[in-house]
Amino acid sequence: MFDQMPNAQPQFLTVGEGEAVRDIAIIVRPAQAGSDAPALIWLSGYRSDMSGTKAVELDGLAAELGLACIRLDYSGHGLSGGSFRDGTISRWLEEALAVIRHVAPERVILVGSSMGGWIALRLAQELARQGGPKLVGMVLIAPAPDFTSELIEPNLKAKERKSLAERGYFEERSQYSPEPNIYTRALIEDGRQNRVLDGIIETGCPVHILQGMKDADVPHAHAMKLVEHLPADDVVLTFIRDGDHRLSRPSDIALLLSAVKGIVGSSTSRPIPA
């Protein structure tokens with residue numbers, strides 16, 4: 001059972017079998033009694049975790065509105081077990097699905113940042129295919145679907161290709177951490193199996209995308225390309241002219257919370273405060 005107190009400590013869910021077993025850290029904020037509103041599910045970016053600014057602000061919004069909020073750290077991230085170098089989109093998707101099925105909300109809104117946007121889009125496909133909670137909305141922050149094949153592979157330098165071939169990974173200096181980013185051959189090869197920008201993406205729900213125009217990691221043209229693959233959905237794309245990749249300034253957070261409130265409001269019979 002999960003701690004039902006508002007400031008619940010992380011609980012752990014075991015995912016996988018044999019050598020692939022890992023303990024996934026989860027924090028679940030329960031909904032206010034009697035609430036019919038969907039649960040918010042936070043999906044972090046590459047090398048980010050559930051204690052980041054946007055994740056904590058989302059949890060605060062859930063507390064304010066009496067909503068359930070589910071946060072997790074992927075394996076190799078934050079408080080979760082497992083090696084970061086073993087991480088792939090398939091592996092992290094498996095973990096997110098396992099957490100959703102374990103907590104078992106009836107309806108969900110997925111809020112994905114950067115790589116979390118890719119995980120969110122794959123979750124939408126898997127929930128539609130396998131069944132599960134009803135997906136009633138998505139908010140994607142600087143989404144990076146297919147980033148391995150669209151943004152990394154085409155720009156690989158010769159020495160990076162050599163490192164991938166000989167060592168199975170390459171390193172890249174990070175703007176956000178003294179530790180370099182590590183991209184493995186397994187991540188890149190698995191990314192090809194999880195592409196979503198190769199056809200129509202049917203989420204079956206409203207999608208609000210927030211994208212900075214000064215994003216050095218995911219160009220704003222990538223968000224426009226994603227919209228082209230979402231023709232059947234109610235899609236809003238908000239460009240933030242001076243926004244970077246993180247979109248963690250107070251003004252950016254305000255836009256995020258407003259986008260989430262808008263989708264919550266359209267999916268519940270209860271009025272949502274402005």
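Reader: Where is Gln211 found?
Author: Gln211 sits in strand E9, residues 207–212. Helices here are DSSP runs of H or I with at least four residues, strands are runs of E with at least two, and both are numbered from the N terminus. Keep in mind that this is a predicted model: local features need pLDDT of at least 70, side-chain atom pairs count only at pLDDT 80 or more, and totals for chains, interfaces and linings use all residues. Residues are numbered from 1 along each chain as its sequence is written, and side-chain values use heavy atoms, leaving out hydrogens and water.

Reader: ok, is Gln211 buried or exposed?
Author: Gln211 counts as buried because its relative accessibility is 0%. Buried means under 20% relative accessible area, exposed means over 50%, and partly exposed is in between (1.4 Å probe, protein chains only).

Reader: What is Gln211 in contact with?
Author: Leaving aside neighbours within four places in sequence, the contacts of Gln211 include Ala142, Pro143, His220, Phe239 and Leu247. Contact means heavy atoms within 4.5 Å. The side chain of Gln211 also has a polar contact of 3.3 Å with the side chain of Asp215. A polar contact is a pair of N or O atoms within 3.5 Å; within protein, one must be able to donate a hydrogen and the other to accept it, and residues adjacent in sequence count only if both atoms are side-chain atoms.

Reader: New topic, Arg91. Where's the place of Arg91?
Author: Arg91 is in helix H2, which covers residues 89–103. The ends of H2 fit a simple check: at 1.5 Å a residue, its 15 residues should span 21 Å, and the end C-alpha atoms are 21 Å apart, which agrees. The expected span is 1.5 Å times one less than the number of residues.

Reader: And which salt bridge does a charged one like that get, or none?
Author: None: Arg91 is buried yet has no salt bridge, and the nearest side chain of opposite charge, Glu95, is 4.1 Å away. A salt bridge is a side-chain nitrogen of Lys or Arg within 4 Å of a carboxyl oxygen of Asp or Glu. For charge, Lys and Arg count as positive and Asp and Glu as negative, while His and the chain ends are not counted.

Reader: So what does Arg91 touch?
Author: Not counting residues up to four places away in sequence, Arg91 touches Ala20, Arg22, Ser75, Gly82 and Asp86. The buried residues of H2, among them Arg91, Trp92 and Leu97, pack against elements including strand E1 (11–15), strand E3 (39–43) and helix H6 (185–193).

Reader: How many salt bridges in the whole structure?
Author: There are 14. One of them joins the side chains of Glu150 and Arg195 at 3.3 Å, N to O. Glu150 lies in helix H4 (residues 147–152) and Arg195 in the loop between H6 and E9, so the pair ties together parts that are 45 residues apart in sequence.

Reader: Which residues get joined into one network?
Author: Asp146, Glu150, Arg195 and Lys225, through salt bridges that share partners.
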